[in-house]
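Let's take a look at how charged side chains pair up in this one, and then at one of its pockets. Have the model open as you read.

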Amino acid sequence: MTVVTTELLRRFDVPGPRYTSYPTADRFVEAFGEKEYILALAQRRVGSVAKAMPLSLYVHIPFCESLCYYCACNKIITKHPERAEVYLRYLSREIDLHTAHCGIGQHVSQLHFGGGTPTFLSDDGLRELMGMLKRSFVFVPGGEYSIEVDPRTVDEQRLALLAELGFNRLSFGVQDFDPEVQKAVHRIQPAGKVFGLVESARKLGFESVNVDLIYGLPRQTPESFDRTLEQVAQLRPDRIALYAYAHLPERFKAQRRIITSELPMASAKVSMLARSIDAFMNAGYVYVGMDHFALPDDALAVAKRQGRLHRNFQGYSTQPDCDLIGLGVSAIGRVGATYSQNAKTLDEYYDAINHGHLPVVRGLALTKDDLVRRAAIMALMCQGELLFEPFEQSWLIDFRRYFEAELRQLEEMEQQGLVVVSPEGVTVTTMGWFFVRGVAMVFDKYLQADRNRARFSRII
């Protein structure tokens, strides 16, 4: 395998976007609202190409029973399950508002429940929500239907219910198996519990089980994280997502409870990442891209090998690029050449729906330059290759002239062995795959013009 040096990891330890979209969500504007979103839905309804493409759905469930100190998600901490019952009623009304504009019976090939904690919902609540969706949309066979699971909120019976409802992919939030680290971030979940749930998921026939890990948490050391890596290798999930903790207490109130002096030094974080990459590759995992690993026979690894990898707001996907409808508070959607985001607070979200409005409060209509750069960034991040001639034919541009400044920036990356720039195009090397986020940043016009990157997590 290619050795990823700590020197390179340190050099690329800078803030940058994750590129689940381009332009990124921080570029959304309030000038884009419900009226513009409805127009995008109407254009989809009459457009023959868009109508032929299945939809992707994202549903945001904001509730959690307890606060995890590292969390940067839009969540509501509550011990009152009845709040979810009210929320479901509003979700039902939001779905109806959507189908009024895009029609009932649209085909769906991808569904993701995120949060918060989607499994905060009761069994009846989960049944009710899936019932609403299935009454309004048609879920196609072979789609990706996933849900984020807090291991503390489920048992084998609940996993059986999720399988019965049609979910075929689970993502368990593990973060770290070390009891001291769990205590420091206020998330106690014994390793034995997670092992039991993954075993149950396999018995129940889930197609893929993902485990989320975070490095850079308080009380973590390279040695303690090595023990977690060993346990994950034994657990052998189909996919692993390995995220760097971004400590931004000025933006995320929950993080103010973390004792800053307990956070690992930057050098320790780099060591944890380097050791994680070695551990997963030695355990037989394929590095898919950015912070994702998968077993060779997992659909994500197969898609990468076959050049069919895609990327959307949920990260890497095997599903073709398609329109995404976001449902629930703070949910983000993409329809045509637009992005949209719902109200971020329950009061605003409920108020909009009470007045018969879709709760979109901001978004963006993409320019041609946005679309061209998005295509370049996604080609690099998904295929690792940007071929000049087909790109020029698709977008009617002279690539070398259009991206003259960007190609000059890539010269240094070429010297570092991260990319190869040839007369045919730009290719990300095996080493470069570990830094593909940094390669993509070269083509981000907004980021190049605005060097204030503090709003982003670090790319390592």
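## Ground rules

Buried here means under 20% relative accessible area, exposed means over 50%, and partly exposed is in between, with a 1.4 Å probe and protein chains only. At 10% relative accessibility, R239 therefore counts as buried. E144 comes in at 7%, so E144 counts as buried too.

This is a predicted model, so local features need pLDDT of at least 70 and side-chain atom pairs count only at pLDDT 80 or more, while totals for chains, interfaces and linings use all residues. Residues are numbered from 1 along each chain as its sequence is written, and side-chain values use heavy atoms, with hydrogens and water left out.

A salt bridge is a side-chain nitrogen of Lys or Arg within 4 Å of a carboxyl oxygen of Asp or Glu. The structure has 22 of them.

Take E144 and R169, whose side chains meet in a salt bridge at 3.9 Å, N to O. That pair ties together distant parts of the chain, 25 residues apart: E144 sits in strand β5 (residues 137-149) and R169 in strand β6 (residues 169-175). Helices (H or I, at least four residues) and strands (E, at least two) are DSSP runs, numbered from the N terminus. Both E144 and R169 are buried.

E144 also forms a salt bridge with R239, with the closest N and O atoms 3.9 Å apart. This pair spans 95 residues, linking R239 in strand β8 (residues 239-244) to E144 in strand β5. Zoom out a bit and E144, R169, E207, R239 and D298 are linked in a network of salt bridges.

## A helix-to-helix pair

The partners are 33 residues apart, with E406 in helix α16 (residues 404-415) and R373 in helix α13 (residues 368-382). E406 and R373 are both buried.

## The second largest pocket

A pocket is an open set of points on a 1 Å grid over the protein atoms alone, where a 1.4 Å probe fits, with protein on both sides within 12 Å along at least five of seven lines; lining residues have an atom within 4 Å of a point. The second largest pocket holds about 560 Å³ of space. It has 29 lining residues, and the closest to its centre are D321, R374, A375, M378 and A379.

The elements giving two or more residues to this lining are β11 (310-312), α13 and α14 (388-395). Helix α13 gives the most, with six residues.

How values were computed: Grid points are joined across faces, edges and corners, and a volume is the space filled by probe spheres set on the points.
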